[in-house]
Amino acid sequence: MTGSTLGIFIVIVVYILAMVGVGIWFSRKNNDVNDFYLGGRKLGPLVTAMSAEASDMSSWLLMGLPGLAYLTGLADPGWTAIGLAVGTYFNWLIVAKRLRRYSAAAGNAITIPDFFSNRYRDKSHTLLAISALIIVIFFIPYTASGFAACGKLFSSLFGIPYIPAMLISSVVIVGYTALGGFLAASTTDFIQSIVMTLALIIVVCFGIQTVGGIDVVIDNASQLAGYLSMTNVHDAVSGASGSYGIISIVSTFAWGLGYFGMPHVLLRFMAIEDENKLSLSRRVATVWVTISMAVAIFIGVIGYSMSKTGAIDVLSGADSETLLIQISQILSKHGMLAIIPAGIILAGILACTMSTADSQLLAASSSISQNIIKDVLHFKLSEKGTMIAARLTVIGIAIIAVFLARDPNSSVFGIVSFAWAGFGASFGPVMLCSLFWRRTNRFGALAGMISGGAMVFLWKYLVRPIGGAWNVYELLPAFLVACLFIVTVSLLTKAPEQEILDEFDSI
């Protein structure tokens with residue numbers, strides 16, 4: 001191991017130990033499952049904003065998004081980022097405050113399945129069981145993509161075999177999550193958002209300086225067909241460009257719809273201490289998301305110039321997602337003073353992965369231990385037993401995710417996009433109708449949840465492969481189908497009870 005590699009290794013180890021320390025610290029503050037899964041609704045506005053967005057960005061911010069821009073240019077990642085920025089703003093604007101208020105009033109719900117079940121007075125627990133299963137189905141591969149990203153990072157950097165590298169990183173994430181619960185996850189996510197920001201700044205500055213200035217970056221990119229266009233997409237294999245038409249734009253822009261159904265983001269809304277401070281959280285979150293995604297895309301463009309000048313290797317396929325790793329390795333060779341910023345870049349990649357994986361583990365764990373084992377199967381557990389079950393569930397889900405992440409060739413961006421569509425279509429329409437349409441009933445909510453989730457699979461594997469006009473991101477058609485089912489089934493079945501209507505009106 002060279003001196004620069006050893007220095008980077010030390011920086012990352014210090015960072016990891018700090019995250020584990022946060023988990024140990026907050027382990028003393030979890031007195032019950034309300035604390036473990038929702039932090040006792042005590043989050044401040046800045047932690048709420050930054051932890052929500054850090055948990056949302058996942059490894060695709062520093063790996064998937066720059067890699068996609070590196071290969072195809074601005075259009076595909078650009079419209080995705082615009083859709084996500086708009087979705088972020090409206091999710092905070094119209095959902096956050098009402099969900100915080102409604103979840104507290106509806107039986108003090110501490111999970112999303114709890115909220116749906118309490119909102120519709122579903123005594124059969126069907127809504128609770130189905131929504132909990134959906135969370136498990138889509139979150140386990142989502143978590144696996146995070147573990148895979150960590151494995152790629154350590155494997156390519158330190159020459160460690162992929163499987164051991166992935167196992168070590170997953171043990172760290174599981175460790176502080178199982179110890180500290182929601183407060184630890186939220187606090188570490190806040191810290192990790194800062195590290196991610198520093199990583200983006202360092203990469204942009206170093207990349208521009210390496211190739212000789214912004215003018216060189218733009219000039220090199222403009223020589224590629226369709227690379228800087230928002231209506232054309234570059235083909236890295238053939239060197240030609242293809243049209244990025246209105247169907248593709250609408251399809252990609254639809255990523256923003258996913259926010260309305262993201263459990264790990266919605267839980268932050270439910271956990272803030274003072275709903276009146278959500279306006280500040282909204283501004284901070286929207287600004288950070290918009291700028292960070294724009295910078296991540298620009299890093300992909302810079303990366304192409306670095307490849308052209310020979311500063312880094314030419315990347316193709318899934319290897320493009322290691323762009324920041326390549327840049328950090330080049331930076332680390334510029335003397336001892338460059339080792340710390342190089343380590344921060346890699347810690348940033350680790351941060352965006354850990355910040356999502358910990359939140360996903362908690363959400364999936366709560367669905368099993370709290371909603372399925374306790375509420376659906378009616379296992380009688382003491383408060384201590386419930387806490388033990390919660391932590392064991394985190395470990396169990398992580399083991400399954402590790403198994404799914406054993407393939408190092410899987411695309412981080414591909415896995416995240418599918419899971420994003422699953423949550424957006426299954427929960428997004430139901431959440432919006434639950435908060436804004438008093439006539440919605442539990443039958444409509446259940447129909448929307450099932451139809452949305454099922455359509456994601458059907459469109460992804462049966463319809464979208466047809467190509468042409470059918471090549472639409474599965475979230476959009478699935479979201480529309482779910483809305484149609486919710487409205488139709490709700491109107492064809494019995495109206496909600498007066499108690500439910502009164503509660504809705506009070507909120």
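## Before we start

A residue is called buried when its relative accessible area is under 20%, exposed when it is over 50%, and partly exposed in between (1.4 Å probe, protein chains only). This is a predicted model, where local features need pLDDT of at least 70 and side-chain atom pairs count only at pLDDT 80 or more, while totals for chains, interfaces and linings use all residues. Residues are numbered from 1 along each chain as its sequence is written, and side-chain values use heavy atoms, with hydrogens and water left out.

## Salt bridges

Side chains of opposite charge can pair when their charged atoms come close. Here a salt bridge means a side-chain nitrogen of Lys or Arg within 4 Å of a carboxyl oxygen of Asp or Glu. The structure has six of them. Helices, mentioned below, are DSSP runs (H or I, at least four residues) numbered from the N terminus.

One of these pairs is arginine 101 with glutamate 275, whose closest N and O atoms lie 2.6 Å apart. The two are 174 residues apart and link distant parts of the chain: arginine 101 sits in helix H5 (residues 75-105), and glutamate 275 in the loop between helix H11 (263-271) and helix H12 (278-308). Arginine 101 is partly exposed at 31% relative accessibility, whereas glutamate 275 is buried at 18%.

## Pairs from the loop between H6 and H7

Arginine 121 meets glutamate 499 in a salt bridge of 3.3 Å, N to O. This pair also joins distant parts of the chain, 378 residues apart: arginine 121 is in the loop between helix H6 (112-119) and helix H7 (126-158), and glutamate 499 is in helix H19 (residues 498-506). Both partners are partly exposed, arginine 121 at 24% and glutamate 499 at 46%.

Aspartate 122 pairs with arginine 442, with the closest N and O atoms 3.2 Å apart. Aspartate 122 lies in the loop between H6 and H7, and arginine 442 in helix H17 (residues 442-463), 320 residues apart. How accessible are the two? Arginine 442 is partly exposed at 31%, while aspartate 122 is buried at 3%. Shared partners also join Arg121, Glu499 and Glu503 into one network of salt bridges.

## Cysteines

How many disulfides are there? With a disulfide taken as a pair of cysteine sulfur atoms within 2.5 Å, the count is zero. Cysteine 483, for instance, is in no disulfide, and the nearest cysteine sulfur, that of cysteine 433, is 5.9 Å away. Cysteine 483 is partly exposed at 24% relative accessibility, and cysteine 205 is partly exposed too, at 49%.
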